[in-house]
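Subject: Handover of a model, with notes

Dear colleague,

I am passing on the structure below, and after it come my notes on what was found. Please read them with the model open beside you.

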Amino acid sequence: MPSARLGAAESITRALCIGEQPMVLVRTVTGLERLAAAELTAANHRVIDLSKRQLIVEPTSATIVTNPPRLADDLFIVQAAVTDPGRTRAALTAAVNSLDLRGCPPGRLAVSASFQGTRNYNRFDVEDLVGEAVQRLAGSRYHSRRNGTAPPTERVDWRVVLDGTTMWVGVRPFDVPLHRREYRRHTVTGSLHPPVAAAMARIANIGEGHRVVDPFCGAGTLLLEAQAIAPSATYLGIDKATIAAARANTADHAPIHWRTGNARALAGQFDRIVTNPPWDVRLGIGDLAPYLNQWRRVLKPDGLVVAILNHEQAARMIGDTAWRIHDVYDVAVAGQHPRILVAEPARPRRSTPAAAARCPVAR
Ligand SMILES: C[S@@+](CC[C@H](N)C(=O)[O-])C[C@H]1O[C@@H](n2cnc3c(N)ncnc32)[C@H](O)[C@@H]1O
């Protein structure tokens with residue numbers, strides 16, 4: 001996870017000490033809002049609002065930036081919030097002029113904005129108005145993105161969201177977006193977005209001593225996120241192509257073993273299967289049935305599968321009577337709309353005396 005900028009944690013602690021309540025804007029992948037809220041609540045922060053791709057959080061300590069949520073896509077400390085000005089540019093200008101931006105961090109800055117609904121201005125209008133206001137008030141240097149020029153690397157990133165109710169203005173307390181992971185130096189075709197992998201690891205509820213396998217491990221994102229969340233389990237990642245990327249992404253001594261192998265021929269017994277088979281977009285695997293049979297064979301009776309599948313694959317697994325589906329999460333990631341399925345092996349139905357009488361061979 002990226003580390004917090006100098007002073008970011010201290011500013012939260014200071015505000016809390018003098019009885020002010022800081023607010024944090026958390027952005028998520030579509031479909032992970034509730035799971036991200038659960039992660040923040042478990043860390044003792046208060047989630048006060050939840051909408052599509054966004055949570056508003058009252059942190060109870062600076063841990064929100066020193067140990068930030070793994071399921072969040074990004075996170076910003078709110079500097080100002082006013083009523084969403086609605087569709088006209090004149091109202092937007094008035095709203096920006098009313099923002100109290102005293103005490104904002106100095107230095108070079110860039111702004112990125114988004115809004116819901118129809119407006120008679122575009123995102124660059126919002127960005128330039130806010131960026132120029134901060135430049136005026138804080139003596140910072142604003143770099144517009146309007147002409148496609150990339151802002152300098154050394155900068156503070158501001159975020160503006162007009163969500164239909166409120167205009168939120170926040171500052172990222174990290175140098176890079178929260179979804180960037182330091183360990184991820186290598187990726188493969190189809191590598192998973194880390195916050196989605198973290199969500200799957202969280203859903204899997206991995207316990208101490210569990211044996212966890214990912215039979216389509218690629219660059220290892222799923223198991224690396226799982227290991228960060230549940231360090232006292234043991235992990236095996238298998239891929240038919242190279243596992244060099246996964247190896248290179250793994251810290252020395254991490255309890256993760258990477259092996260070249262075929263997901264059609266698994267061996268061993270596992271408490272959890274956490275996996276991301278190819279979705280037949282850039283990489284193909286065809287029918288999921290042979291793989292489902294393998295999962296069924298190597299999973300312990302009380303084991304759990306958490307798999308991110310395309311809609312056809314998900315329908316295949318949901319329709320397979322060998323599985324009892326616990327949950328389905330619809331997410332939007334990498335321009336796709338996969339489903340995260342949580343399933344356990346269906347237990348064979350116990351034979352009733354009447355059924356046994358109808359089927360003498362069973363006796
Ligand atoms: C979608 S990628 C997984 C990406 C991974 N979750 C990550 O974040 O890097 C699917 C992987 O499955 C592997 N694969 C495809 N067919 C396989 C098979 N029969 N056995 C094992 N691995 C297979 C591919 O080589 C690819 O690396």
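Leaving out residues up to four places away in sequence, Q54 touches L25, V26, R27, V161 and D163, where a contact means that the C-beta atoms of two residues, placed from the backbone, lie within 7 Å. This is a predicted model, in which local features need pLDDT of at least 70 and side-chain atom pairs count only at pLDDT 80 or more, while totals for chains, interfaces and linings use all residues. Residues are numbered from 1 along each chain as its sequence is written.

Q54 belongs to strand β3; helices (H or I, at least four residues) and strands (E, at least two) are DSSP runs, numbered from the N terminus. Q54 counts as partly exposed because it has 19 C-beta neighbours inside 10 Å, given that a residue is buried if 20 or more other C-beta atoms, placed from the backbone, lie within 10 Å of its own, exposed if 12 or fewer, and partly exposed in between.

The bridge partner of R27 in β3 is Q54, and β1 (residues 24-27) pairs with β3 (residues 54-58) in the antiparallel sense over four bridges; two strands pair if DSSP finds at least two bridges between them. β1 also pairs with β4 (residues 74-83), again antiparallel and over four bridges, and there V24 stands opposite I77. In a regular strand the side chains alternate between the two faces of the sheet. In β1, V24 and V26 point one way and L25 and R27 the other, and all are buried.

**The sheet as a whole**

Eight strands make up an open sheet with mixed pairing, in the order β2-β3-β1-β4-β8-β7-β5-β6. β2 (46-51) and β6 (141-142) stand at the edges with a single partner strand each, so one side of each has no neighbour in the sheet. Further along that order, β4 and β8 (residues 166-171) pair in the antiparallel sense over six bridges, with V169 in β8 as the bridge partner of A80.

The loop between β7 (156-162) and β8 holds G164, which is exposed because 11 other C-beta atoms lie within 10 Å. Apart from neighbours within four places in sequence, G164 is in contact with D84, Q116 and G117.

**Domains and ligand shell**

The domain assignment, which is automatic or taken from a database, gives domain 1 (8-171) and domain 2 (194-345). Their C-alpha centres lie 34 Å apart, and 10 residues of domain 1 are in contact with 13 residues of domain 2. The side of domain 1 that touches domain 2 has five nonpolar, two polar and three charged residues; here Ala, Val, Leu, Ile, Met, Phe, Trp, Tyr, Cys and Pro count as nonpolar, Asp, Glu, Lys and Arg as charged, and the others, Gly among them, as polar.

The ligand is surrounded by 21 residues, of which G190, F216, G218, T221 and A263 are the closest, a residue being near if its C-beta atom, placed from the backbone, lies within 6 Å. This shell divides into 12 nonpolar, six polar and three charged residues, and both α7 (221-229) and β10 (234-239) supply at least two of its residues.

**Points to look at with care**

Most residues other than glycine have a negative phi, and most peptide bonds are trans. D280, which is not a glycine, has a positive phi of about 60°; D280 lies in the loop between β12 (270-275) and α9 (289-298). A334, in the loop between β14 (323-330) and β15 (339-345), likewise has a positive phi, near 50°. D280 counts as partly exposed with 13 C-beta neighbours inside 10 Å, and A334 counts as partly exposed with 16.

The mean pLDDT of the chain is 93, and 96% of its residues reach 70 or more, pLDDT being the predictor's confidence in each residue, from 0 to 100. Over residues 359-363, however, the pLDDT is below 50, and this stretch has three contacts in the model beyond near neighbours in sequence. Where pLDDT is low, the predicted coordinates should not be read in detail.
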